[in-house]
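Please examine the sequence and the structure shown below before reading on.

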Amino acid sequence: MEIVCNNIERLVTTEIRPRGLTRGAIAGLYEAARAGGPPLGVAVGQALMAHRGKRVGIFTGAPVPGYMPNGENDGPLGSIVAGRALERIGCRVTFYSERELFPILQELHKTDRAANLPYADETDLAITIEKQGATADGHMYSINANNRDHTRANIDNVIAKLSADGKVTIGVGDGGNEIGWGNIYDYIVKHVPHGPTIACTIRTTHLFPAAVSNWGGYALAALVALHTGDLTLCHDPKREMEYLDLTAKMQVMDGGTGRAINHVDGIPAEVSAAVVTILRGLVQAYHRKPFDRPF
Amino acid sequence: MPETFGLHVDRLVTVEMRRAGDPSRGIIVPLYEAASRAQRGRPLTLLAAEGLTRSITRGRYVVFLTGSGRAPWRPRGETDGPLGVVSLARALKLGLGARPVYVAAEPYLPPVVAASEAAGITPSPDRTMAEFDGFYPTALVRPFTLQKEQAQAQARAILDELNPAAVISIETLSPNEKGVIHSATGYERESQHVAHTFHLVEEARGRGIFTIGIGDFGNEVGCGLIAAEAKQINPYGLRCKCPCGAGVVSRIATDVLVIGNISNWAAYGVAACLAYLCKNPDVLQGVDTERRMGLDCVYAGAEGGGGMKQPWVDHTSPETQQAMVAMLRMLLENTLRAASDRGW
């Protein structure tokens, strides 16, 4: 399990994003998150499997009024894929997001914190995917250090309540500004561009870095597939293409370009589908029967 | 910037996808890290590409070695090797104006030739064709003897004739410290099944010609650079399944050693780095070219774990090969593209 998790993580932390977005950081962030320990997916996979039959909340959403009024496509797709895999193993999954972002999900109605707090009580395991959290000064920022207060829901206190109640939380992010990166806050301040401004202070039980947050969500689904031996729980490359076409049609934006196109973080659908293909291959190889070659 | 690019190319091509129970599962990252330590911690694919750009001038020959097979199971060899050779040969031809030379035992040449034609590089045994600088790119083909007694002399003759700027080995089996060549399953690979092309590398090094070894197990040309560590990492490193008992690890070192999960992938990584240095993404083949290369390679008889005529490579699917190329291409294109300020 350690070998395959190591390779899943190497794959989803391969940095492909275009220049203009933060580059050169994800490998270091991943190493810092791992801190010399075993691959992160080992514990994350166990945590996911331990919540079979329980209530899982998946939190996502990153709208920017004027630029991405219907939100960004990085986050929702990873959430849907991870959530679908968890539903298939018996979890009761609820998606939480801003109303304007994704009408088919359960939404967070407002950006004020008190309104969101009750969600903590209806959740046994929380997964946040590309969900920004507060920095040391209490504000939220994009990876380019633009202020994001009042543009999206703040769920810091939801995570705090879950943690205080001893519940498991998993933070998936790709920039250093999302919930979960509080686990390696000092590293981000020192090593990530705009780190002192954007570093999120919110900690989670598990941090799962990815070069694109969606890919982290796909990796969670792959972990469930690894544990169950059911390859159909993995994301599918054709479906990834369909999803990115759908988000473009619904004006859910590519965060790399700010346009409604079938890219994610500036990376075309075909390439994101390629990541999905290799993820499936990793799971498939893990479950394939060994053979003895006679030559 | 080059280091970040090279690091992520290395990371991608060393994602290990070997099946559970395979004794070589889990060795790629340790082999890669050992090779990286032995080469000043630089990204290996970038190191190889930099060495090639330094060594090669337009019109110089570059010798490629490959060919791993075993009749009756793989009488025309395997898909790992030929596709990497063709990718890198194409990159050197288009990027640096080099003249590729394909060297392999006669039975293993058809898949190389077929994949090369699919990639738009026309191979020929005729130097007039190989030196044709007209409207389509070409390569030279040189069959290599399976008579091991003749191998060293032929190696010298090839170097004397062509005076290549570099010798590149991709997935070429080579001898351990006792001179015995082994398969990845620990068996002896007898000389009637494997050309002793490693003499070309030894001769080239003696003449100061730049050499690159690309491998994915430890028994290939180049892995001699990390022999001591590879013996500890490889499941048959200390003890093989043949009477020699000295393990499978190669004693043949090269100036640069590149490790990948599949040797082809490592070669694609070097081609990507060449494309980066040439500032031209098309120096690396695209997904459609990769698909055609794979198909034509197996139609010519190579096998890769998916059965005859199925373009699998080292037991990974055709779609996976194309996915690898798609990711490398995007990594390359996004790195070469000018930065834009998103503005919000």
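What percentage of the contacts in chain A with a separation of 6 or more is accounted for by residues 24 or more positions apart? Such residues account for 73% of the contacts in chain A with that separation, where two residues are in contact if their C-beta atoms, placed from the backbone, lie within 7 Å.

The model is predicted: local features need pLDDT of at least 70 and side-chain atom pairs count only at pLDDT 80 or more, while totals for chains, interfaces and linings use all residues. Residues are numbered from 1 along each chain as its sequence is written, and chains are lettered from A and ligands numbered from 1 in the order in which they are written.

**The two chains**

- Chain A contains 11 helices and eight strands, and chain B contains 12 helices and seven strands; helices (H or I, at least four residues) and strands (E, at least two) are DSSP runs, numbered from the N terminus.
- The C-alpha trace of chain A spans about 65 × 40 × 40 Å along its principal axes, and that of chain B about 65 × 45 × 40 Å.
- For the 295 residues of chain A, a compact globule would have a radius of gyration near 19 Å, and the value of 18 Å agrees with this; the radius is taken over C-alpha atoms, and the globule rule is 2.2 Å times the number of residues to the power 0.38.
- For the 344 residues of chain B, the rule gives a radius of gyration near 20 Å for a compact globule, and the 18 Å of chain B agrees.
- Buried residues make up 59% of chain A and 62% of chain B; a residue is buried if 20 or more other C-beta atoms lie within 10 Å of its own, exposed if 12 or fewer, and partly exposed in between, with C-beta atoms placed from the backbone.
- In chain B, 77% of the contacts between residues at least 6 apart in sequence join residues at least 24 apart.

- Seven strands of chain B form an open sheet with parallel pairing, in the order S3-S4-S2-S1-S5-S6-S7; two strands pair if DSSP finds at least two bridges between them.
- The edge strands, each pairing on one side only, are S3 (122-124) and S7 (256-259) of chain B.
- From one strand to the next the twist averages 25 degrees; axes are lines fitted to C-alpha atoms, for helices over the stretch in contact, and angles run from 0 to 180 degrees between N-to-C directions.

**Strand S1 of chain B and its neighbours**

- All five residues of S1(B) (61-65) are buried: Tyr61(B), Val63(B) and Leu65(B) lie on one side, and Val62(B) and Phe64(B) on the other.
- Five bridges join S1(B) in parallel to S2(B) (residues 99-105), and Tyr61(B) has Arg99(B) as its bridge partner there.
- The chain passes from S1(B) through helix H4 (residues 82-96) of chain B to S2(B) in a right-handed β-α-β crossover; right-handed means that, with the strands pointing away from the viewer, the path from the first strand over the helix to the second runs clockwise.
- Four bridges join S1(B) in parallel to S5(B) (residues 166-170), where Val167(B) stands opposite Val63(B).

**Strand S6 of chain B and its neighbours**

- Six of the six residues of S6(B) are buried, with Phe210(B), Ile212(B) and Ile214(B) on one side and Thr211(B), Gly213(B) and Gly215(B) on the other.
- S5(B) and S6(B) (residues 210-215) pair in the parallel sense over five bridges; Ile168(B) has Ile212(B) as its bridge partner, and Ala166(B) stands opposite Phe210(B).
- Together with helix H8 (residues 198-206) of chain B, S5(B) and S6(B) make a right-handed β-α-β unit.
- S6(B) and S7(B) pair in the parallel sense over four bridges, and Ile214(B) has Val258(B) as its bridge partner.
- The crossover from S6(B) to S7(B) runs through helix H9 (residues 227-233) of chain B and is right-handed.
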